[in-house]
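Colleague: Please take me through the aromatic rings in this model.

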Amino acid sequence: MPRRTRGLQPPTTRQLVTLANVAVVVCCCVFVWLHLEPHLLLRNTTPAGGDMGAHVWGPAYLRDTLLADGRLTGWTMDWYAGFPALTFYFPLPSLFIALLSYLVPYGIAFKLVTVLGLVSLPAAAAAFGALSGMRRPYPACLAVATVPFLFDRGWTIYGGNVGSTLAGEFSFSISLSFALLFLGVLARSLDTGKHRGWAIVLLGFTVLCHILPTIFAIVAAVVMVLIKPQVKRFAVAATVGVLGMALAGFWLLPFAVRLPFTNDMGWEKIERYGLPLFGRSLGGVEEALLWLSVPVAVAIATFTAAVLRYRWYLAVSAALGVGALMAGLGTSDPIVQALDQTGTDADLTAVGQSGLDPLALRWLFYAAVAGALVSLLRGRRIGTILTYTAAMAALGFRFMPGPSAVDPNAAGKLWNARMLPFWYLCLYLLAACLVAEIALGLIALWRRFNPSLGPASTAQAQEHARQARMLAYLSTAMGLRGGPSLHLVADSLDLRADDVRERAASYRAVPQILVPTIAAFVVLGWVALPFGHSWLDQPRLGLDLNATSTYIDDWAKWNYVGYEGTGDGPERTGEKARKAEYFDVVNTMKRVGLDRGCGRAMWEYEPELDAMGTPMALMLLPYWTDSCIGSSEGLYFESSPTTAAHFMKAGSVSKTPSNPQRGLPYTALDLKGVGIPRMQLMGDRYYMAISPEAQAQADADDRLDLVVETQPHQVRYGDVVEDRTWKVYEVQGSDLVQPLTTNPVVLRGVPNAERAWKALAMRGWFADPARSDVLLATDGPAGWARVSPPPADPADPDPEERFRRLGAETPLPTQPVERPPVVTGVRTDHSSLEFDVDQVGKPVLVKVSYFPNWRVKGADGPYRVTPNLMVVIPTSNHVELSYGYTWAEGLGWALTLGALAGAVALNRRRADTGPLAWRPRWRLSPAGGDEPPGPAPEPALAPGSDGAEQERELVPVGSGPLEPQGDPEAHEPRERPGDAAGDRGP
């Protein structure tokens, strides 16, 4: 064998292809990073904007309070009269931020983690392709396809893209990247039986970042297993799935067990299905054609499988092909024009997608259909998985239950619009599969016209060189004279084999490099066009595309300049118009807390608060005041059953409330009759008013004592600028712990369900302040009166209507409490409360949100009472309440620790699952055999031979690694004749 020369060697063709494809992936990641204002990401300011401006509170509370208590989830008094922090929201991104903030300032740590999912998504998609065994340029093309998905302006809240992330859905984007990595590692585990531990960890991370991408990952994983059903593959997938979910058990199990104590905001389903899915509003003949495609597809599948005896994947591809064709015809221009089915601005606004480009979506859909057909016909694993997953996402969007205009009382907490990001992602990735197939098609054409440089010729040259080398060694060992000459012949054959291999690789390298590079150039240039600096916008070359600014870059500046930022550039872009007013209010409340004592603040909402950074800016009062001044309103709307009561209260104390939760009986501004009684009941110590109308009502009521007034600030309301001040009042009679003068009434026959409690406590009892004298309880001593809900009426539009009538209309027995106790010495912490009473056996109301984790010492209870507070009956003069653990937390942590041990053990254990590798089935040959016509496979290279590394590419494109014998990494795979081969992904 010729001896390799020392020193630097020029890169091989394979290395050049690898570098080029990796460079494309890196460019995609860098492109995303550069459009997120990196100079602002590295500026230590407090992020603002949308939900993100309130998300700032969560990781800081985790770092400063929960981690200090040795917990990842726990209780907080900062929002909603107290709620379980990070129990119903995803803890892992907050943990990332908290840990990173020990190394860099908190504002920078928060920003970097919020963009982590966006910047990493191209690399995650490329890893998904490479780990799944797809050959170059598949991984690079998948990475390129994620960029237009990220910058798609068709939606801004559903999740996944830049707009949604800037709105606060950064946990979703991080989870999506983990989901793609998990699918890639799972594919490798199914092929080789290895890396199951890493797949478990990645699935657990996906769950702990967001539940919706977890559903996407599970659906795709099920498809991955079912396309090649095998007992051992089922075993691997089941092990990974069970242990991956168990790894998140410390959070997932309490989440599942405590779902009745969440809140449903009642978002209505999107019912214009054709417009978000296909770019057109389907109806009439169009929709009939679309649904007619289903039985037609089934008929074709049956015919191809039973009559033509094709393999199953051809039957499925034919069925899906006809279905996709019908869907395409249903959205094609001639039919749309004939029926005048247009996607108007009103239609787009109705589905929450005012930035949607219907024409671009149609072309994307057609490209995805083409990519799906090619993938199915050629047996590509990635394309098959994406096709079925896209279909499941579309079906989920169409059939997911939930309230709608037709049935506003329908059950269903998951908003169907949240399925659309997965549909769009699959469309983009399927279009990338089509582009990759173009490159592989060029390679196949080149091989057809250059058989002398095909895989068979390359393998034959290497086999001749190997045989000559063996003869040379045998001659030398036997002392024959021809040994040196045979070594020279072997050297010559080695050089010839190297030359043939390099020439073959160089021809393959052209499309493998050019196709993803050109795709990246075109796609990134097209995406950059709205930012005003696209390299495709070249007037000198006749390409004057009139690039203009987009909302994404302005939104990024608005968020990352922060609350206290001075703006970006000479125009101070991103600086907040009400910044001075905001920090004046914050500092005022700090002084009030020091002078008058800590407590909750109920602030008046108005849409113009967005000029402070976000309409939710005042939610950060506990963040700025070290939890001294709590905010009655918080961000995690679904995390507390007290949320509905808060929004009903906010509607009665604000001139222009948001009233975001559907289906609640809101009351207009009325402090005297509604607002003040509700603030007293909920334990709000301070009321902050800004509108002259609210201030006038507050000044006229002696239950509100004016504490302080801020400096006047100019506020813009439409085209009018007005001077406004904030007035802070102290609410009388809003003690946090209060003795009851009337015993509560215990409810019988009310299920432990969120909808029933909301109907009873919020839409019924809380809607009428006159009924607040008698609290309704879910349990209590035998001496308390009992009531049952009235029977259901078949005419009721709402299944929970009888519970509403129980809370609003049923006469309640009154049991006065003789000589109520006197409460003193109230002391609170973030997760505990204690007080003293002068007598025992009398009910005491604790104005803290109820949750099953509360435990009491020195009293009976706590009992849940309306609207969602607690009542205890002291059995000693000193009472202590604390937020602790239940069986759900204990079992959840046991599952997590057990799954972690299992993941470590599986990673250390040698794979023993046998050959599991994916192989696409072959269509019947014209002769009727199972294998395609052609010469017999060439023998594989011997391990350690000179060309072994170069010839790893000689495997079927998209089929994954071939089935090894013994150690999966101990043998080189072989190419099947007649199949176009490419390179293994990076």
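This is a predicted model: local features need pLDDT of at least 70, side-chain atom pairs count only at pLDDT 80 or more; totals for chains, interfaces and linings use all residues.

Modeller: Residues are numbered from 1 along each chain as its sequence is written, and side-chain values use heavy atoms, with hydrogens and water left out.

Colleague: What kind of aromatic pair do Trp 363 and Tyr 366 form?

Modeller: Rings of Phe, Tyr and Trp (its six-membered ring) pair if their centres lie within 6.5 Å; planes under 30 degrees apart count as stacked, over 60 as edge-to-face and the rest as tilted. The structure holds 46 aromatic pairs. For Trp 363 and Tyr 366, the figures are 6.0 Å centre to centre and 90° between the planes, and the pair is edge-to-face.

Colleague: Is Trp 363 buried or exposed?

Modeller: Buried means under 20% relative accessible area, exposed over 50%, partly exposed in between (1.4 Å probe, protein chains only). Tyr 366, at 27% relative accessibility, is partly exposed. Trp 363 has 58% relative accessibility, so it counts as exposed.

Colleague: Why does the pair of Tyr 687 and Tyr 729 count as stacked?

Modeller: Both are buried, Tyr 687 as well as Tyr 729. The ring centres of Tyr 687 and Tyr 729 are 6.2 Å apart, and the pair is stacked because the planes are at 25°.
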